[in-house]
Amino acid sequence: MAHHELQQPRCAGCGIALQSEHTHTPGYVPESSLDKDSAVCQRCFRIKNYNEASSVTVNQDEFLKLLGGVASTDSLVVHIVDIFDFQGSIISGLQRFVGNNPVLLVVNKIDLLPRVTNWNRLRNWVQKQAKENGLKVADVVLCSARRNTGFDRVVEAVNSLRRRRDVYVVGATNVGKSTLINRLISDYSDLKRELTVSRYPGTTLDAVEIPLEDGKSIIDTPGIVYSSRLTEIIPREDLGAVLPDKPLKPITYQLNEKQTLFFGSLVRFDFVEGERQSFTVYVSGGLPIHRTKMEKADALYAEHRGVMLAPPNLEGLEGMPPWTRHRLRIQPNTEQDVFISGLGWIQANGSSGATVDVYAPRGIKVMLRDSIL
C-alpha cells in the first residue's frame, strides 16, 4: 500500500494529486482517465478547453447584480463587443457598475468588415457610439479573434491599464469572449499553477477566476443573453445563415418608393416614401434577399414564408415572436444606417431623406444610427 502511495498520479497541468472519488474536490478526474500518462484534473481540462467553463449565460439583470460589487474593487474592466452587432452587444448600464474603474473596450470581428475600412474613422465611430450609450472608455482596441489580428494590441492595452489589478472580462454571448480569455490565459498564466474555476462570492453564478503571476486574477463573467438580438431567438440551425463568417459583401439596391426587401422570412424592409435612391445592405452572404413591390408584399409573404422566403422554415417561424413594425425617418443630408440587431444594417445613400418601415420579430432592437462605414 505504501508503495502505491508513491506512485500516486499527478495532474500534468497543475501538479495536484489526482483522485476520482469526489467530483467537486480539487484533483478530480473521471476514473477512466486516471491511468493515462498525461492525465489532467478536471479544472485544468476546463481551462484548456475553455469554452466549457465560459458557456454559462445569464440575462442582463442577473448579470448586473453579479457586477454589483465591481465598483467597490480596484480593477480593470474589459468589455468585448461585436462590430457586426455593435448596438446589440454593448452592455447598456455598464457605467453605473464599474464605478471609477477604467473600461477597455475591445471591438471584435473586424475581419467581417469590407476591406476598404478606414480604421481611424472606425475607432472614432466606436468612441462616439460608446459615449451615446453612457460609457466612458479608457481605450478602444479593434481586433479579430478568428484571424488573430490585433490581439497583441489587446494584451498591450490590458498590460498598460491593469497596473497589478484584477481584470474583469464582460460581454454578451457570441462576441468572442472565450477566444480572448484563452489568449490572456496563454499570455499571463502557465498551466503549471493551479487554476481555479470558482463561484464568485455572494452569487450563485459561475465566474471563472484565472490566477495571474502577480497574485491577481482574470475574472471571466458569464455571457449575457440579450433577447433583443435576432441571433438569440432564431432556430439554432439558421444561425449559420445569419452570422457572417467572412467579410461582408455589401449589396446595393436602387429602390423606388413603395418597394420592399425581404431578408429570408426574418425581416421585411419597406422604402415607404422618398426620391429614388440606393440602399446598401450589409448582411451575411448566406441570407437570401428577395425584392418586390410593397403592394404585393403581404400576399407574397402569406404564400411563400418559410419556403421561398427562408430561413427560417415554416416550423422555425412558428417558434418566433410575431413581427412588429418600426417606422424610421432618415433626415436629408445625414449618413445613417438602419440597424437590425443580429441581422446587420442597411445604409441609406440618398441625400434627400427617406421614410422606411422595418418589420422584425417583437423585441428585436431596430434603430437608426450614424453610418459605420
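A salt bridge here means a side-chain nitrogen of Lys or Arg within 4 Å of a carboxyl oxygen of Asp or Glu. Keep in mind that this is a predicted model.

**Exercise 1.** Which parts of the chain does the salt bridge between Arg369 and Asp337 tie together?

Solution. Start with the contact: the N to O distance between the side chains of Arg369 and Asp337 is 3.1 Å, and they meet in a salt bridge. Finally, check accessibility: both Arg369 and Asp337 are buried.

**Exercise 2.** Is Lys177, the salt-bridge partner of Asp220, buried or exposed?

Solution. First, the closest N and O atoms of Asp220 and Lys177 are 2.7 Å apart. Now apply the cut-off: buried means under 20% relative accessible area. Lys177 has 7% and is buried; Asp220, with 2%, is buried too.

**Exercise 3.** How does Lys246 count by relative accessibility, buried or exposed?

Solution. Lys246 forms a salt bridge with Asp245, with 3.8 Å between the closest N and O atoms. The cut-off for exposed is over 50%. Lys246, at 52%, counts as exposed, while Asp245, at 46%, counts as partly exposed.

**Exercise 4.** How many salt bridges does the rule give?

Solution. The count comes to 12. Salt bridges also link Lys128, Glu132 and Asp370 in a network.

Conventions: Residues are numbered from 1 along each chain as its sequence is written. This is a predicted model: local features need pLDDT of at least 70, side-chain atom pairs count only at pLDDT 80 or more; totals for chains, interfaces and linings use all residues. Side-chain values use heavy atoms; hydrogens and water are left out. Buried means under 20% relative accessible area, exposed over 50%, partly exposed in between (1.4 Å probe, protein chains only).
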